[in-house]
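Okay, thanks for making time, everyone. I'd like to walk through one model today, so let me get it up on the screen.

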Amino acid sequence: MPEQLRRTVHLTTPPGDVNTVHDFLAELWPEAHGVSDVDRISVETALIELAANVMQHADTDGAGLACEFTIVVTDEAIDMTVRDTGEPGEIQLVGAEMPELDAESGRGLALITALVDHVAYSQEGGHNIWRLTRARTTGA
Amino acid sequence: MEDGPGGVVVLKPEGRLNMVAAPAVREAVASIVEGGRTKIAVDLRAVEFIDSSGLGALISGLKTARQAGGDLRIAGANDQVRLVLSLTNLERVLTPYDTVENAYGDA
């Protein structure tokens, strides 16, 4: 049985926002021994982009949103799962292309796909579920 | 915000430049340009993280400054900021300089 580190945070918007997810990650990293800087930076950026997109697009009625973020760190990979209670299927994660250089928005989903190795979306029991996986690099 | 060399206005955001913080940066640049200053340097030494919202604010500021005949340049970016600039190809329009002084070395 390989060792793994699993942490989950629940948040509701408002007052929760992307800073809640940042704080969750800041508490996680000291426990996740040996994660390289590039993995840490990539995971943090991908998860914050996903959180921002979920909060902006899934909360279509402005009534707030309940989300659950789970991270699992193993020797091989870092898995991220985000579950929310928002509108289904509002976000297309696959095939997102980087916009023109002067665009002021639209980079989030393309960034996510550039930062992780695997992106999946599903609906289960009335929840949107996104799963991101980044294979760990070796070395520091 | 403070005065830098050669008439450059230096903006110093701090912490996380995400969807919560980005609007303030966008508004700060617009306010500087409305006040008649158009050469802006964004000192990112105290910024620990940027996301696409933060990048959008910098691009907005760049466009605002250039439309007024000036420019917006960035300095002091950490590894995370440099990675995000690279993956989005934005380093082509937002070259990360080491220091504010170097950003306007031609000024």
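**Chain A and its sheet**

Let me start with one pair: A:R83 stands opposite A:I129 in β5(A). Before I go on, this is a predicted model, where local features need pLDDT of at least 70 and side-chain atom pairs count only at pLDDT 80 or more, while totals for chains, interfaces and linings use all residues. Residues are numbered from 1 along each chain as its sequence is written, and chains are lettered from A, ligands numbered from 1, in the order in which they are written.

Back to that pair of strands. β3 (residues 77-84) and β5 (residues 127-135) of chain A run antiparallel to each other, over 8 bridges. Strands and helices here are DSSP runs numbered from the N terminus, E with at least two residues for strands, H or I with at least four for helices, and two strands pair if DSSP finds at least two bridges between them.

What is the strand order in the chain A sheet? This open sheet of 5 strands goes β1-β2-β3-β5-β4, with antiparallel pairing. At the edges you find β1 (5-13) and β4 (118-124) of chain A, each with a single partner strand, so one side of each has no neighbour in the sheet. Neighbouring strands of this sheet are turned by 15° against each other on average, direction ignored.

Now the helix. α1(A) lies across β1 and β2 (65-73) of chain A, at about 160° to β1(A). For angles, axes are lines fitted to C-alpha atoms, for helices over the stretch in contact, and values run from 0 to 180 degrees between N-to-C directions. Contact means that two C-beta atoms, placed from the backbone, lie within 7 Å.

Which residues of α1 (residues 18-28) of chain A are buried? They're A:V18, A:V21, A:H22, A:L25 and A:L28. Looking down the axis of α1(A), the buried residues fall within an arc of 120°, so they line one face of the helix; that arc is taken from the directions from the helix axis to the C-beta atoms. On the face of α1(A) turned away from its buried side sit the exposed residues A:D23, A:A26 and A:E27. Buried is 20 or more other C-beta atoms within 10 Å of a residue's own, exposed is 12 or fewer, and partly exposed is in between, again with C-beta atoms placed from the backbone.

Over to chain B. It has 4 helices and 7 strands, running β-β-β-α-β-β-α-β-α-β-α from the N terminus on. Buried residues make up 50% of its 107 residues. The C-alpha atoms of chain B fill a box of roughly 30 × 25 × 20 Å along the principal axes.

Chain B also has an open sheet of 5 strands, ordered β1-β2-β4-β6-β7, but with mixed pairing. Its edge strands are β1 (2-3) and β7 (96-97) of chain B, each pairing on one side only. β1(B) pairs antiparallel with β2 (residues 9-11) of chain B over 2 bridges, and B:E2 has B:V10 as its bridge partner in β2(B). Helix α1 (residues 22-34) of chain B lies across β2, β4 (39-43) and β6 (71-75) of chain B, at about 170° to β2(B).

Last stop, the interface: 23 residues of chain B are in contact with 20 residues of chain A. On the chain B side, α2 (52-67) and α3 (79-87) are the elements giving two or more residues, and α2(B) gives the most, with 7.
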